[in-house]
Every structure is written in C-alpha cells, then in structure tokens.
Amino acid sequence: MGKLGDIQPHLENIKSLEGDSFTYDEQAILKECEKRNGGKSNFIIKILSVFGGILASIAFLGFLFILGLYESEVAMLMVGIGLIVVSFFLTKKFDALIMDTIGISLFILGMVLFIAGLFIFEVNENIITILVMTIGFGSLFVVHNPILSFFAFLIISGGLLTLIISNDMYSLIHPYIILHAFALTYVFLNEASLLTSDLKLVNLFDPLRTALVFSLSLGLSATVKNDLLFLSKSHFWISSFVLILIFIYVVTLLLKTLNVEAKKTKLWVYLFSVLTLMPTLFAPAIPGALLMVLLSFKVNYKTGLSIGILSLVYFVIQYYYDLNYTLLTKSIILFSSGLVFLLFYVFLTKNLKSNEKV
Amino acid sequence: MAKIDREYIKILCSHSNWSEIGVRKTLEGQIYSGVASWQRFLKFLLLALGVSFTVAGILFFFAYNWAELHKFAKLGIIETLIVLLILIAVFAKTKPLIKKVLVLAASILVGVLYAVFGQVYQTGADAYDFFLGWTLFISIWVLFSNFAALWALFVALLNVTFILYAEQLAYEWSELFLTCLLFGMNSLLILGFIIIPKVFKMPPFPLWFIQLVALTAIVFSTIGISSGIFEKPQPSFWALFLMAALFYGVGIWYGLKTKSLFYLSIIPFSVIIILSAALLDLSDEAGMLFAIGIFIVTSITLLIKMLLNYQKKWES
C-alpha cells in the first residue's frame, strides 16, 4: 500500500466527523500523494536548489557580461524579461522538484538583468522598484512553485523596504514592521481558514509564512543597526508598543491552550510578560523576535522557530552592547534579570510538579 | 492511526470541501504544540535565559574593570564562583540537565577568569595561550558531563586556539596548511563523536551537534581546496585534497548507511563548488563561464533527482 494507504484512514476519519456533506476528489488526492511520494520536499533539498540556483546565476551573469551584454540596455531588458518568462514556463510546465534549480537560477538572472537594464535606461528608482514588485506579485498567480513564490513574497517586502530607503522616509520602517507583524500573526493563527479559503491559497501558504518571518526579521534588524537607516529613536516606541500588544494577545491565547483558569496565575503571567517587555519599549527588535518565537512554537513551525531564536540572540546582544550605561550598570541589570528568570524557572517547575501530584 | 502530517492536510484541503472547523481541530490536535511540549519549552526557555543572563552579568562586571577591586579579589570571586558551581553540580540532588547547564556556566567562567587574568597582568585577552589553557582546563568537565552544548564550546575553542596560534606564533604556516590542519582535526572529531558512543554503548550525540561539526569541516575543505586550485601547488594542498577525498568517501558511505540526506547533499555540493573552481582555473573566458553555469545547474539537478530516489527507496 505504501504512502497511498496512509491517507485512507484519515479520509475515513474526516468523513465520519464531517458527515454526509463531505465530498472529495479521490483521484486527485491519490495522484498528489503519489507525486509527493516521488518527491517529498525536504528542507535540505530546498536549500540545495536555492544555493545551486544562486551559484549558477552568478556564472551565467559572468558569461553575459564578458560577452558585453551591458553595452546594450535594450538587449539586457529583453534577455531579462525572456529569462523570467522562461523560468515561469519551466516551473509551471514541469511541476517537479528537480526543475527548481534551473527555474531559480533563470529567475534570479532575469531579474538582475531586468533591473540593471532599467537602471542603465535611467528610469526613476521608484518606478523600477514598483515594476519589480509588480512582477513579483504577478508571478504569485502564474507560478505555483513554492521556492519561486517565496522569492516573489520576499521581492514584494524587499521592494517596500527599498521604497522606504530610496525616498529617505526612514520612519516608515515602523508601519512596515507593524504591517508585517500583523500579517505574520494573522497567517500563523489562521492556518485553517487560509487553507480552506476559496482563494486557493493552499500552495501559497508555506512560502508566505517563511517569507513573512524573513521580512519581519529584516525590518527589525534595520532598527538594530543604526548605520543602515538614519532612524530617529523617538519613534521606536510605536513599533514596540504594537508588538508588545500583539505579544500579550498571543499570551492570552496561550493561557487558553494551557488551560490556565486561575485569575491569580493569569495576573502573574501578564505581569511577568509586561515587566520583561517594558525595558524593550525603545527596542522593537526584541519583542518582535519574541513574537516570532512564540508564534512559531505555537504552530510547531521549526524554520520560524530557528530564525526567531537566532534573531532574538543577536538583537539582545546588540541591545546590551548599544545601551548607554557603564558596564557595571549593565552587569547589574543582566545579573538581576538572569536571577528573575531563574526564579521563574524554579517557580514554574515547582508549580508543574504540584499540578502533576494533584 | 498514525498522526496526519501537514503535507497531507494541505493535499486534502485542496481536493475536498473539508470544513474550516475540521481543519482547525486537526491542526490543533495533531500538529500544534500541546500542553506538555509548551511546559517543556517554557521551562527550557527560562533556564536558558536565566543562566545566560546571569553569566553575561558576571562577564560584564569583570569587563567593567573596577579599579577599587583588588586583583586578588577579582580573581578570587571568579574562582569561588567556579568552585561553587562545580560543587553544586556534583553534590546537589537535581536533574541531570541542570547539573550539565551548571558545568557549562562554570566552563564559560573559566574563560572569564583568563580574560581577567589578561586584564590584570596586561597580557591582552586574545593571546592564544589563554584559549589553550581554557580548552585544557575544561576538558575533563567536557568529558564527564558529556553535554552537547559544552562539547560545542570545546570544539569552537579548539578551532580558535589553532587559528590564534597560527596568527600569533606560527608565522611559517601557510593559510592552506592551517586549513588542512583544521579540516583534519574537525574530521577526526566527528569520527570520534560517532564511533566512541557506539563502542562504549553511550547515548549518541544529538544530530545537530555532529552535523554542525561536519559542516565546519566541509566549509574548511571547500574553501581550502577551491582557493588552493588557483595557487601554485604545494604539499599542503595535496594533503588537504587527499584527506578530503578520503573523508568525503567515508561521509558518503556513512550517509548511505544511516540514510542521512545531510551528508549526501553537502559533500556532493562541496565537490560541485570545487569542480567549478577547477574549471574556472582552466579558463575564465565567456564560454567557460557558460559551461560552469550549465555544469552547476545540471549537477545540482541530478543530485536532487538522486536524493529524491534515495528518499523514496528509504521510505517504502
């Protein structure tokens, strides 16, 4: 029976729960299971296609430049558009994992040539960005390849960041962060409704989720490294405030999952969360990364969890490094917050033990 | 009935009218983190945050270099802390994980002790002898606590000690020779980490740790060989080349034996990069660059096809 047999009991189970109204296309399901069995996308295979695609596009770019393609902007534009179209065609026509590498390399190459061509034509930077974002957005409807869709989402977010930077409107990074934080929370918490929506979002769900994690951490990093954007710190509280509110909202949901009913415990949890996050009112990166960690763990999403933890470690180190206190004050803050965490660890362990005994 | 995975849920969603509530219940019941995993996660998070913040606090305290604190007091405080942590780890009745975390904290404090020593006696904190001393003096704890995070610190310290020694003392070592040494050392370490637990019937090391060391070794060999190709051939290059060939062979065999896609992907990927560098060394004209591009796309595509075949074979 192999993998095809694996899904049968689940189908029966769903049928019994959903009742007579449940209909499904058995042939299509079996076909897709078979396809999946022949090529289950594995994390390491995806990484291979992405890195292979990037390396190959660098080699091809070298080839085209030695040939002197840069001498003709029209040729660059045409070749660029041509390659993007070919990459769409290939990944759409041959819906298989092994087409990913060639698809990705042609897509990257095409995009680089397209952008370079427009630059040589001296097209306005904003128009170039909007054009590139439009191609990214359009590709979401045309191609249903997870890696290309991931790139497309990244291009859209990256385009927004480019617009912010090239127009020197650095404070708009806060709406960027807030928008991405809301989107991330919505997507993570509404997986079921997105998967069952009539808009056919099933194939876009994974790329969207991963891209949101990447784009949010990119936006958050911009607030950490001050030489990247010239940001006024006086607006930082806006992002932080919203992020902390979303964080508290997720904590509320978490308390429900953990079946915490006692008012006193709830109060303690909220107090602990607020007190821990209070010092980050001017460092939105930290509540942002914490939000990613919390949401990713909630929905059991490992890539998001790893990126969240790595960002959190980096942001926390940078936060203390940049803090304008003497090392002694920093030491006291770190040491005492460390002790508070340990105290809560002991408190939690004891509490769980007494619960188990009951 | 086995638990359903996300992939199946998505397939079912795209070809049926499965209701939102049904999907939500399945996700919450079978995919999302339940009460038990949340409790484990929160406990671990608080312990990790607590220990790292406390140790960082101690580190910052000594970095402040308090002038009024006598040098004996400075060194004495850290030494007392180290002794205290180890005593608790050995004698206290607590969970093994907490004991291991305490030994890890003590091991980091040994580094702080050396840094303070360097600060007091003005010897500089990045002298290779400090890292050598740090590595040596925690090695017994590393061995006996057998904690992956502590092993990771130990391996990192070994690498740093070698690199600093080459920078500060061994001027006659070429960069390639150092790379060769580092590759050899990390490869031998992996062999040890895989074989020793089997021989002594101990629990195996976690996968992330072994793969991290393997990745480090492969990064060294890939960078060493691909950059060595462009230079005049020297004995270190051939030594690295032969060692890499040997260990890559062993790695592929091990990957096939343990059904691990990790080794079967990173080793060929390294070979593809090295071969591309060799092709570029032959000629850097347009035709060759085109050929390299084609070579990369074809070889990666074939590699992925092969990996998928193995995966299919192993799953059925």
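## Contacts of B:Ile304

Two residues are in contact if their C-beta atoms, placed from the backbone, lie within 7 Å. In this predicted model, B:Ile304 is in contact with A:Ile45, A:Leu48, A:Ser49, A:Leu97, A:Ile98 and A:Thr101, its neighbours within four places in sequence being left aside.

## Chain A overall

Chain A contains 15 helices and zero strands. Its C-alpha trace spans about 70 × 60 × 30 Å along the principal axes. Of the 358 residues in chain A, 35% are buried. Among contacts in chain A with a separation of 6 or more, 72% are between residues 24 or more positions apart.

The domain assignment divides chain A into domain 1 (1-41), domain 2 (42-167) and domain 3 (173-358). Taken over C-alpha atoms, the centres of domain 1 of chain A and domain 2 of chain A are 36 Å apart.

## Helix H5 of chain A

Helix H5 of chain A covers residues 100-120. Its 21 residues should span 30 Å at 1.5 Å a residue, and the distance of 30 Å between its end C-alpha atoms therefore agrees with that expectation. Of the 21 residues of H5(A), 16 are buried, and the helix is thus mostly covered.

## The interface between chains A and B

Contacts between the chains involve 71 residues of chain A and 65 residues of chain B. On the side of chain A that touches chain B, at least two residues come from each of helix H1 (2-18), helix H2 (26-38), helix H3 (43-66), H5, helix H9 (191-195), helix H13 (285-298) and helix H15 (327-357) of chain A. H15(A) supplies the largest share of that side, 16 residues. By residue class, the side of chain A that touches chain B has 39 nonpolar, 23 polar and nine charged residues.

In soluble globular proteins, nonpolar side chains tend to be buried together. Here the largest nonpolar core has 148 residues, and those with the most contacts inside it are A:Ala289, A:Leu291, B:Ala105 and B:Ile304. Helix H3 (residues 35-63) of chain B contributes 12 residues to this core, the most of any element. At least three residues of this core come from each of domain 2 (42-167) and domain 3 (173-358) of chain A.

## Positive phi in two loops

A:Asn300 sits in the loop between H13 and helix H14 (302-322) of chain A. Its phi is near 60°, a positive value in a residue other than glycine. A:Asn300 counts as partly exposed because 16 other C-beta atoms lie within 10 Å, a number between the limits of 12 or fewer for exposed and 20 or more for buried.

In chain B, the loop between helix H10 (235-258) and helix H11 (261-282) holds B:Lys259. Phi of B:Lys259 is near 55°, also a positive value in a residue other than glycine. With 12 other C-beta atoms within 10 Å, B:Lys259 is exposed, since the limit for that class is 12 or fewer.

Note on methods:
Residues numbered from 1 in each chain as written. Chains lettered and ligands numbered in written order. Predicted model: local features only at pLDDT ≥ 70, side-chain atom pairs only at ≥ 80, totals over all residues. Domains from an automatic or database assignment. Helix = DSSP H or I, 4+ residues; strand = E, 2+ residues; numbered from the N terminus. Expected span 1.5 Å × (residues − 1). Nonpolar A, V, L, I, M, F, W, Y, C, P; charged D, E, K, R; others polar. Core = buried A, V, L, I, M, F, W, Y, C linked by C-beta atoms within 7 Å.
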